[in-house]
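Student: I have a new model open and want to learn how to read it. Can we go feature by feature?

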Amino acid sequence: MLQDLLERFLAGEGGPAADHVGLGMLLAEVHNQSRERLNQALRPLGLNVRTFAVLLALPMYGPVSQRDLIDRLRIDKSAMVRLIDELEARGLVARERAPQDRRAYCIVLTPQGEQTLAAARQATDRIGGHLFGPLPEAERGLLVELLRGVAERAATSSPDATSSPDAAAPR
């Protein structure tokens, strides 16, 4: 259940600024709740959302460098090293020499990693079905489209022209 303050923000109390803050808080709440549910489902497999994301990415991109995973998953370099070390210690991934550059390594799924990934997909499919299953396909597509637009705008520079060095310069 949403907190009283968030409900008030979303109801329009406090004006447009509160509405924007409330919407951001709602997105954060959905993220936190879905992440927690996914982590609960993955815990019996010894995974969490981050390690699952790494396992999911490997079959999509084939043998891939750690650097490429860092860029694609937007995970900090030191955090990625820890994640790969953890997955490797559990026998789920392996570091293999890159065929094009013998100095570099590629990360690959092991057979045990493939089995764990299959089990994790089943566990997370149940959670996804619970969270998103009630949405008709058209509404789900619209939600994805809307959130992509918000994410793209959030990734661009601030619309606040006064923070730009050029804003103070006379024209």
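**Reading the core and the fold**

Tutor: Start with one residue's neighbours. Leaving out residues up to four places away in sequence, Val-93 touches Leu-55, Leu-58, Ile-84, Leu-87, Glu-88, Ile-107, Val-108, Leu-109 and Thr-110. Keep in mind that this is a predicted model.

Student: Which residues have the most contacts inside the largest nonpolar core?

Tutor: The general idea comes first. In soluble globular proteins, nonpolar side chains tend to be buried together. Here the largest nonpolar core has 22 residues, and Leu-55, Leu-69 and Val-93 have the most contacts inside it. At least two residues of this core come from each of α3 (49–61), α4 (66–73), α5 (77–89), β2 (101–109) and α6 (111–132).

Student: How many helices and strands are in the chain?

Tutor: Count the elements, then read their order. The chain has 7 helices and 2 strands. Along the sequence the pattern runs α-α-α-α-α-β-β-α-α.

Student: Is Asn-39 buried or exposed?

Tutor: Check the relative accessible area against the cut-off. Buried means under 20%. Asn-39 has 16%, so it is buried. Asn-39 sits in helix α2 (residues 15–42). Beyond residues up to four places away in sequence, Asn-39 touches Leu-47, Asn-48 and Val-49.

Student: What does Arg-72 count as, by relative accessibility?

Tutor: Arg-72 is at 42%, so it counts as partly exposed. Its place is in helix α4. For a distance across the model, take Arg-72 and Ala-123: they are 51 residues apart along the chain, and their C-alpha atoms are separated by 24 Å.

Student: What radius of gyration does the chain have?

Tutor: Set the value beside the one for a compact globule. For 171 residues, such a globule would be near 16 Å, but the chain has 21 Å. The C-alpha atoms fill a box of roughly 55 × 50 × 30 Å along the principal axes.

Student: How much of the chain do buried residues make up?

Tutor: Buried residues make up 25% of the 171 residues. The accessible surface comes to about 11,800 Å², and 56% of it belongs to carbon and sulfur atoms.

Student: What share of the contacts with a separation of 6 or more comes from residues 24 or more positions apart?

Tutor: That share is 44%.

Student: And where do the charges lie on average?

Tutor: Compare the two mean positions. The chain has 21 positive and 22 negative charges, and their mean positions are 7 Å apart.

Conventions
Residues are numbered from 1 along each chain as its sequence is written. This is a predicted model: local features need pLDDT of at least 70, side-chain atom pairs count only at pLDDT 80 or more; totals for chains, interfaces and linings use all residues. Side-chain values use heavy atoms; hydrogens and water are left out. A nonpolar core is a set of buried Ala, Val, Leu, Ile, Met, Phe, Trp, Tyr and Cys residues joined through side-chain atoms within 4.5 Å. Buried means under 20% relative accessible area, exposed over 50%, partly exposed in between (1.4 Å probe, protein chains only). Helices (H or I, at least four residues) and strands (E, at least two) are DSSP runs, numbered from the N terminus. Contact means heavy atoms within 4.5 Å. The radius of gyration is taken over C-alpha atoms; the globule rule is 2.2 Å times the number of residues to the power 0.38. Accessible areas come from the Shrake-Rupley method with a 1.4 Å probe; for residues, only the protein chains shown count as cover. Lys and Arg count as positive and Asp and Glu as negative; His and the chain ends are not counted. The place of a charge is taken as NZ of Lys, CZ of Arg, CG of Asp or CD of Glu.
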